[in-house]
Amino acid sequence: MRMILLGAPGSGKGTQGEKLAHEFGVPRLSTGDALRAAVSDGTELGRKAKSVMDAGGLVADDIVVQIVESRLAQPDTAGGFILDGFPRNTAQARTLDALLRGHGTPLDLALHLEVDDEELVQRLLLRAQQQDRADDREEVIRCRIRVYGEETRPLLDYYGAQGKLVVVPGTGAVEDIFQRIVVRLAEAAGKSAFGGRRVAHA
Ligand code: AP5
Ligand code: MG
């Protein structure tokens, strides 16, 4: 299973991505988590990324591509992976396609979690009270959602045109959404050769 998660900030990419990674026995690779780790470690990469992340913009493509490229070179991704937060624009999507083509391991599908903007804002404001993410401030949240609409949303057409897009409503209870995803993945597996044996039995 080689899958990417598409969805606005707060749509549940991390929440559902963790559950899916466990279900399929593959690693979840989050560029946001990798960047936040670099920021807290105070690396040069982290220093470059911090101000952009705090403002809700997109970090430069070469930085995130480097993160993904080195992560995908690690052996635990040989059996598949779930990419959370990458790609985020068309240039990144093209780079990922080329990278995977080079390995002879094309992407199986792109899962889009659909959640309306006001619910996204409410979820992230709630998280702001529970955790300490520098970008969970209302004006930054709204900026992230705007950037998503402008830069990332076009990827729905990009993967739709490849016949790889699966769209799932991302509202309701976490477990219900997960079951919804599993059903949709099983349907998609029936139509393609991505090897959905585990979902087919879920
Ligand atoms: P990233 O870390 O990817 O953040 P994001 O896309 O803004 O998304 P979040 O992590 O906030 O939300 P999520 O969709 O994972 O939802 P979650 O499960 O956490 O990126 C951060 C920044 O890094 C970017 O802004 C950018 O600067 C940079 N970056 C990262 N990747 C990049 C790239 N490829 N290129 C350039 N820059 C990049 O859920 C959110 C909250 O809702 C949680 O509190 C959760 O508990 C709750 N929740 C989840 N599901 C439900 C539910 N069903 N009902 C109610 N609450 C729920
Ligand atoms: Mg996340």
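In the predicted model, a backbone N or O atom of S11 is placed 3.3 Å from an oxygen atom of ligand 1. At G172, a backbone N or O atom is found 2.9 Å from a nitrogen atom of ligand 1. Taken alone, ligand 1 exposes 1000 Å², and 87% of that area is buried by the protein.

The space that ligand 1 takes is the largest pocket. Around the ligand stand 30 residues, the closest of which are T15, T31, G57, R88 and R127. By class, this shell is made up of 11 nonpolar, 11 polar and eight charged residues. Several helices contribute to the shell: α1 (13–24), α2 (31–41), α6 (117–130) and α9 (174–191) each supply at least two of its residues. The greatest share comes from α2, which provides four residues.

Charged side chains were also examined across the structure. Side chains of opposite charge can pair when their charged atoms come close. In total, the structure holds 17 salt bridges. One of the salt bridges joins the side chains of K48 and E44, with an N to O distance of 3.8 Å. Both K48 and E44 belong to helix α3, which spans residues 44–55. Within α3, K48 and E44 are four residues apart, a spacing of about one turn of the helix.

Technical notes:
Residues numbered from 1 in each chain as written. Chains lettered and ligands numbered in written order. Predicted model: local features only at pLDDT ≥ 70, side-chain atom pairs only at ≥ 80, totals over all residues. Heavy atoms only, no water. Near = heavy atom within 4 Å. Polar contact = N/O pair within 3.5 Å; in protein donor to acceptor, adjacent residues only side chain to side chain. Areas by Shrake-Rupley, 256 points an atom, 1.4 Å probe, with all protein chains shown as cover. 1 Å grid on protein atoms, 1.4 Å probe; cavity = no way out; pocket = protein on both sides within 12 Å on 5 of 7 lines; lining within 4 Å. Sits in = over half its atoms within 2 Å of the grid points. Nonpolar A, V, L, I, M, F, W, Y, C, P; charged D, E, K, R; others polar. Salt bridge = Lys/Arg side-chain N within 4 Å of Asp/Glu carboxyl O.
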